[in-house]
Amino acid sequence: MPTTLDQLSINTIRTLAMDGVQKANSGHPGMPMGMAAASYVLWTKVMRHNPKNPKWTNRDRFILSAGHGSMLLYSLLYLTGYDDFTLDQLKSFRQLGSLTAGHPELELSSAIETTTGPLGQGFANGIGMAIGQEYLAANFNQPGHDLFDYYIYAIVSDGDLMEGVAAEAASLAGHLKLGRLIYLYDDNDISLDGPTSMSFSEDRVKRFEAYGWHVQTVDGLDVEGIERALIAAKADPRPSIICTKTIIGYGSPNKQGSAKSHGEPLGVEEVKLAKQNLGWDYEEPFTVPPDALLNFRKCIEKGRDLETDWDDKYAAYKNAHPERAAQWESWNSGNQEAWKQALPTFEAGKDVATRDASGKVMNAIAAALPQLIGGSADLRGSNKTFLNGYPEFSAEIRNARNFNFGVREHAMGSALNGIALTKPLIPFGGTFMVFSQYMLPPVRLAAMMGLQAIYVWTHDSIGVGEDGPTHQPVEQLAQIRAMHNLTVIRPGDANETAMAWRAALENTHGPTALILTRQGLPTIDRTKFGAVEGTLKGAYVLADAENIDVILIASGSEVGVAMSARETLAAEGIGTRVVSMPSWELFEKQSKEYRDTVLPPLITARVAIEAAIMQGWERYVGLQGITIGMTSYGASAPLKVVMEKFGFTSANVVEKVKALLDK
Ligand SMILES: Cc1ncc(C[n+]2csc(CCOP(=O)(O)OP(=O)(O)O)c2C)c(N)n1
Ligand SMILES: [Mg+2]
């Protein structure tokens with residue numbers, strides 16, 4: 001039987017959620033009310049966390065995948081003693097400038113493990129966090145010294161399980177036997193529009209068993225049963241899901257068990273009735289009974305003890321394994337210099353596909369950067385993402401940097417976020433550029449959270465050739481350039497590719513997308529043309545003329561086209577500057593002075609060339625300039641034929657330039 005103190009504490013979570021949503025006149029009371037008991041057990045009896053140091057290295061992670069229930073998380077953070085989350089914060093739920101945003105946001109407080117709200121993402125983030133834990137443990141744990149033995153807990157909802165990304169992620173987690181994952185499923189038969197029977201009827205127990213998960217079912221009010229289930233989940237080597245049978249809006253006499261309690265305030269009168277119904281003795285909103293608070297705040301002392309024990313453990317570890325400890329400390333210091341030294345350079349003259357160059361760069365720096373881990377969504381041979389000589393991560397082998405994500409771009413993107421959240425790991429993930437669209441939701445979250453994830457998107461244009469328009473990206477570049485805080489780099493040759501990797505590794509506050517060709521590109525002779533370090537500035541003068549009549553601006557495979565057009569134009573007396581512009585975002589970060597030296601405002605005859613839709617290039621070519629790009633989907637044919645058909649030839653550029661200059 002739950003004690004009266006347990007009951008009082010659980011009701012405190014419920015009433016804070018009701019009051020917070022009521023005061024904001026906006027939010028989701030039902031989920032916190034239904035999951036109050038389960039989350040109480042998890043946070044006060046099972047999870048190892050230290051409220052006074054939210055970023056303690058070996059803390060258990062908690063993900064509120066059903067981010068709409070944010071009042072649940074904020075209430076738990078306040079009640080268990082996290083300094084950021086005061087009662088005043090709960091009272092300013094969903095207000096401008098508060099930490100208690102509509103959905104949990106990573107950057108608002110160190111106590112938030114990940115941004116959630118888009119259903120399914122938190123579920124799949126956890127897979128990356130579990131991978132991160134395994135990788136750290138495999139690298140650093142030693143017999144008798146389990147430095148990293150934390151678990152990843154999440155609350156997931158019907159909506160989370162309905163999203164496709166959860167299916168991808170669950171399948172991968174089961175395959176990899178990520179036993180440190182423990183998910184509490186808020187199994188309440190209700191989603192936003194009504195009962196889940198409207199649209200969700202598969203047998204969830206069988207579904208997760210089929211994925212290879214450990215599945216339990218408990219009554220969401222049974223405090224002891226929930227604790228037992230969590231302990232059993234910890235002991236089981238498979239990922240665990242606990243179907244917690246709950247009633248949404250529990251306690252509200254007229255709205256519980258119905259979608260009416262999902263996403264709007266209960267109403268003043270109903271809040272009063274719910275409090276009566278729960279046996280709550282306090283009229284005043286946001287009342288926290290002192291006994292309940294004391295009960296929750298025991299987490300502070302427990303957390304301090306846990307961290308102190310871990311510090312002792314680390315000291316003993318350092319004594320026993322000084323070289324390992326030094327390595328851990330070096331990972332955390334970022335060890336920048338070694339990998340920079342290892343960056344390769346490529347000989348001029350040869351044709352090299354930028355995907356091949358990327359593969360060589362990654363392999364060259366791998367030894368110097370052991371925290372760089374990742375893989376591809378079943379395209380490692382095409383994306384060139386394999387780190388040679390390193391093992392592949394599997395259910396048996398954890399000290400491995402190569403991941404086979406399977407054909408699961410979306411879950412891969414979300415897993416990369418979970419890995420990036422496991423400091424100091426730096427994840428990368430590859431797929432075809434055209435399928436970047438299958439993973440945009442987590443890319444957007446990485447950008448919002450400022451996570452260092454690196455996307456290796458190859459086969460970057462109609463240059464894909466024979467595979468045809470389904471595999472030829474056209475609008476993707478414009479799409480991803482529209483995403484705030486995502487750095488997009490489309491290098492023009494092998495050496496620019498090495499610089500692109502450098503920029504990606506130096507960009508620690510957001511994701512970077514490397515857009516790479518399938519086809520070979522000429523390696524530019526840097527003794528004759530602009531220095532490759534210009535790549536780091538986003539755009540630079542690659543080739544110049546004494547008197548500039550026209551500026552050709554190009555990225556990626558079109559840099560070579562611009563360079564050969566320049567030769568023809570020069571022979572005809574037309575002074576042509578070629579600007580290689582691999583990255584708009586990096587260029588926009590430069591001073592106006594620098595930008596004006598690359599694109600002098602007085603020179604208005606400008607032509608941008610890129611084998612993609614040209615949305616946005618107006619900004620660089622201006623009203624007098626023109627663009628040569630795609631105005632339709634591509635076509636299935638050999639590379640050369642396709643490039644010619646759509647005008648990415650030196651001859652077409654020359655013709656367009658002459659027309660522009662009226663020559
Ligand atoms: C990707 C995505 N689609 C839609 C929504 C809008 N939305 C928020 S909660 C919800 C469904 C709620 O059902 P459930 O997940 O079972 O939560 P409960 O109502 O039980 O709290 C929806 C559709 C969302 N947050 N994310
Ligand atoms: Mg539900």
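Asp-158 in helix α7 (residues 158–162) and Ile-190 in strand β4 (residues 190–191) are 32 residues apart, a pair that links distant parts of the chain; helices (H or I, at least four residues) and strands (E, at least two) are DSSP runs, numbered from the N terminus. Both Asp-158 and Ile-190 are buried, meaning under 20% relative accessible area, with exposed over 50% and partly exposed in between (1.4 Å probe, protein chains only).

This is a predicted model, with local features needing pLDDT of at least 70 and side-chain atom pairs counting only at pLDDT 80 or more, while totals for chains, interfaces and linings use all residues. Residues are numbered from 1 along each chain as its sequence is written, chains are lettered from A and ligands numbered from 1 in the order in which they are written, and side-chain values use heavy atoms, leaving out hydrogens and water.

On to the domains: an automatic or database assignment gives domain 1 (4–303), domain 2 (336–522) and domain 3 (535–661). Between domain 1 and domain 2, the rule turns up 1 salt bridge, i.e. a side-chain nitrogen of Lys or Arg within 4 Å of a carboxyl oxygen of Asp or Glu. Arg-398 pairs with Glu-134 in a salt bridge, their closest N and O atoms 3.4 Å apart.
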